[in-house]
Amino acid sequence: MPKIREDEQWVRRCLQAALPGVEVRPHDDGSQPNMHDFDLVRGRHRYAAMEVTAAADAESISLWKSMTRGGRWIEAGLAGGWIVELLPTARMKTVRTRLPPLLAQMERLSFRTLRDAQKDARSQLASQADRMGVVSAFQSPATEFPGSIYCLIKQPPEKAGGWEAPTGDAFAHWVSGWIGEPKQADNLAKLQRSGADERHLFVILPGHTVAPFAAFDLLMRPAAPLPVTDPVLPREVTHLWAMSTWHAGDGFAWSPGAGWSRFQKIH
């Protein structure tokens, strides 16, 4: 049996707490391709199949892993204290090679922000930064770590923030569209192939998610309101579960009989 992924183990713990008397049994043993992740078993009878997936922004996650590999970024020869914002499409290998010389030149010219470089018609620093995927750069007046560079990922406005809605319908509307995207076809096919009467899809929203703020905020805000609107699900999915990887907030679940409910995240 292949080792269960860490996120799937977490999902299993949450389900066991949310479904008393139900065994969440691993199904994908690697013996066949395209197997769903779990069976839900009650009284030795499998009554549902479940597939676990993530609404993840793959580009941002890949960049974040590259950014954080190796701990704090320190470059000898820099005064440091730089906060640099990158596009999700930036390539960290290129950034690590080309950014330090650019920042060193900015320090020599007493440019504390990328805007300072943009205002200098003689400087090509702004165009170099643009080619690297650098959106902004700011140097703190003082830092405890000489040579330090801190990278952040630029988020579009709809993911960076928003207002708190009185209902959770923003999540219902978003997840309905997301499940219907071509990228989810494999998950849907696994559930359909299971032959189970109930087919549950469990969606994890990580820190870097493709969901807009209005949707994922509901899964990381304490006591956030549940949706009122039912999700529009493809025929392959009969039940829906979702939670964020943030410590705060509850999970949301939907079933045709009970509608929306919340469940506790077990950390």
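Reply: Arg-5 has a relative accessibility of 42% and so counts as partly exposed; buried means under 20% relative accessible area, exposed over 50%, and partly exposed in between, with a 1.4 Å probe and protein chains only. This is a predicted model, in which local features need pLDDT of at least 70 and side-chain atom pairs count only at pLDDT 80 or more, whereas totals for chains, interfaces and linings use all residues. Residues are numbered from 1 along each chain as its sequence is written, and side-chain values use heavy atoms, with hydrogens and water left out.

Arg-5 forms a salt bridge with Asp-7, their closest N and O atoms lying 3.1 Å apart; the term denotes a side-chain nitrogen of Lys or Arg within 4 Å of a carboxyl oxygen of Asp or Glu. Asp-7 is likewise partly exposed, at 27%. A network of salt bridges links Arg-5, Asp-7 and Glu-8.

The structure holds 7 salt bridges. Another of them joins Arg-25 to Glu-23, with 2.9 Å between the closest N and O atoms. Both partners are partly exposed, Arg-25 at 35% and Glu-23 at 34%. Asp-39 and Arg-46 also meet through their side chains, at 3.4 Å from N to O. Here Asp-39 is buried at 9% relative accessibility, while Arg-46 is partly exposed at 28%.

Helices (H or I, at least four residues) and strands (E, at least two) are DSSP runs numbered from the N terminus.

In helix 8 (residues 185-194), the buried positions are Asn-187, Leu-188, Lys-190, Leu-191 and Ser-194. Seen down the helix axis, these residues fall within an arc of 160°, so they line one face of helix 8; the arc is that of the directions from the axis to the C-beta atoms. The face of helix 8 turned away from its buried side carries two charged residues, Asp-186 and Arg-193, both exposed. Gly-195 follows helix 8 and has a positive phi, near 75°.
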